[in-house]
Amino acid sequence: MTTSRKQFILGSLAATAGITLAPAHSFSQPLPARSSSRMKLTFEPYNLNLKHVFTLSGSSRTTTPVMLTRIDYEGITGYGEASMPPYLGESQDSAAKFLSQVKLDRFPDPLLMDDILNYVDSIAPENRAAKASIDIALHDLAGKLLNQPWYRIWGLNPDKTPDTTFTIGMDTPDMIRQKTREASAFTILKVKLGRDTDKEIIETIRTVTTVPLAVDVNQGWKDKERALDMIHWLKGKGVVMVEQPMSKDDPDSNAWITERSPLPIYGDESVQRLPDLFNARGVYHGINIKLMKCTGMREAFTMASAARLAGMKVMIGCMTETSCAVSAAAQLSPVADFADLDGNLLITNDRFSGMTIKKGKVTLNDLPGIGIKPI
């Protein structure tokens, strides 16, 4: 394939995402000509084992169910993943039922990404994580066909990735100190709050480290005035941002807090897909984008671009996931103000290698696609 034809394909993908690509000479590898081959989707359930009990304001767990997907095409494989923590309302059974309905062999070319992903989204409502598993695998496959990592296709600078938070879940004071010591390589920590022990948790962490903290309340606070008082107290303890202080179903209280808060307030459970972004403007300073919430990389990129246009801050987050989904999200991290991409570091049985954390910073590699290899 000629360089001009190859650049035309890349330009078409970029135009869909609304970005500007690097000059044609940056892409030195020719693309294989498309044939009459068809894509083949396969999937398998897998359970992630957590290093520690993972406790939020309203639940605890030691495992997370996922569905691993792959799309094969002309000897090339794209890998994807659906992570399904309880609050998403999905399961391995629901994911298998949804994925069994997907017929990718009706499409002759994996680079018809808009057509393919619009079709996948139309099959059934919800099933956001299951849809994300196809989106991620398709992006991985397309990037390999183009022989480029997605951050480069999107025109993003890998040197601009942020440091990632590392999550400290609720626990006993001794375990919180242990978890904090284990996270000594990180430059910012994310602390789960939302119970009557919030101040004790922060004080316990401060006996071990002085690094900046982000806090995630997971809708745990119930009174807006007490929440605002708590935020002022947290600022004095070196906290730099607050995530989802009150219920996603109470936008008025969240907006009241945001208007008065000395710290940036991010919406998480309140902001699932692109339409939620428009309701979040004025309610939060920023949004936490997660592939499992928004159906994958395509919509995540659109949400990040729209948030910037709306004057909002952007955080790129994850669930407990393998390096597959975390590395996919990391491709978008150069546009983020905050990153919470530690899901693969919280498990003991990763199936992939991919993005890494070096001195606390999200570090992308130059592997094509989403930048992973199966272990």
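The residues that line the largest cavity divide into two nonpolar, one polar and five charged; Ala, Val, Leu, Ile, Met, Phe, Trp, Tyr, Cys and Pro count as nonpolar, Asp, Glu, Lys and Arg as charged, and the others, Gly among them, as polar. They are Leu-117, Val-120, Asp-121, Lys-131, Asp-135, Thr-295, Arg-298 and Glu-299. A cavity here is a set of points, on a 1 Å grid over the protein atoms alone, where a 1.4 Å probe fits but cannot get out, and a lining residue has an atom within 4 Å of a point. The model is a predicted one, in which local features need pLDDT of at least 70 and side-chain atom pairs count only at pLDDT 80 or more, while totals for chains, interfaces and linings use all residues. Residues are numbered from 1 along each chain as its sequence is written, and side-chain values use heavy atoms, with hydrogens and water left out.

The space in the largest cavity comes to about 70 Å³; a volume is the space filled by probe spheres set on the grid points, which are joined across faces, edges and corners. A search of the whole structure finds one cavity of 30 Å³ or more. Helices α3 (113–122), α4 (128–146) and α12 each supply at least two residues of the lining, and α3 gives the largest share, three residues. Helices (H or I, at least four residues) and strands (E, at least two) are DSSP runs numbered from the N terminus.

Thr-295, one of the lining residues, sits in the loop between α11 (291–294) and α12 (297–309). Its phi is positive, about 80°, although Thr-295 is not a glycine. Most residues other than glycine have a negative phi. Thr-295 counts as buried, at 10% relative accessibility; buried means under 20% relative accessible area, exposed over 50%, and partly exposed in between (1.4 Å probe, protein chains only). Lys-359 also has a positive phi, near 55°, but is exposed, with a relative accessible area of 78%. Lys-359 is in the loop between β13 (356–358) and β14 (361–363).

Further along α12 is Ala-307, which is buried with a relative accessible area of 0%. Leaving out residues up to four places away in sequence, Ala-307 touches Leu-277, Ile-287, Met-312 and Val-314, where contact means heavy atoms within 4.5 Å. His-285 is 22 residues from Ala-307 in sequence, and the two are 9.9 Å apart, C-alpha to C-alpha.

Another loop, between β8 (265–267) and α10 (274–280), holds Glu-269. This residue is buried yet has no salt bridge, and the nearest side chain of opposite charge, Lys-290, is 6.2 Å away. A salt bridge is a side-chain nitrogen of Lys or Arg within 4 Å of a carboxyl oxygen of Asp or Glu; Lys and Arg count as positive and Asp and Glu as negative, with His and the chain ends not counted. Beyond four places in sequence, Glu-269 is in contact with Tyr-87, Asn-218, Gln-219, Gln-244 and Lys-248.

Strand β8 is also a packing partner of helix α9, whose buried residues pack against α8 (224–236) and β8. In α9 (residues 251–260), the buried residues are Ser-253, Asn-254, Trp-256, Ile-257 and Thr-258.

For the protein chain as a whole, there are 13 helices and 15 strands. Buried residues make up 56% of its 375 residues. Of the contacts with a separation of 6 or more, 68% are between residues 24 or more positions apart.

Terms used:
On a 1 Å grid over the protein atoms alone, a cavity is a set of points where a 1.4 Å probe fits but cannot get out, and a pocket is an open set with protein on both sides within 12 Å along at least five of seven lines; lining residues have an atom within 4 Å of a point.
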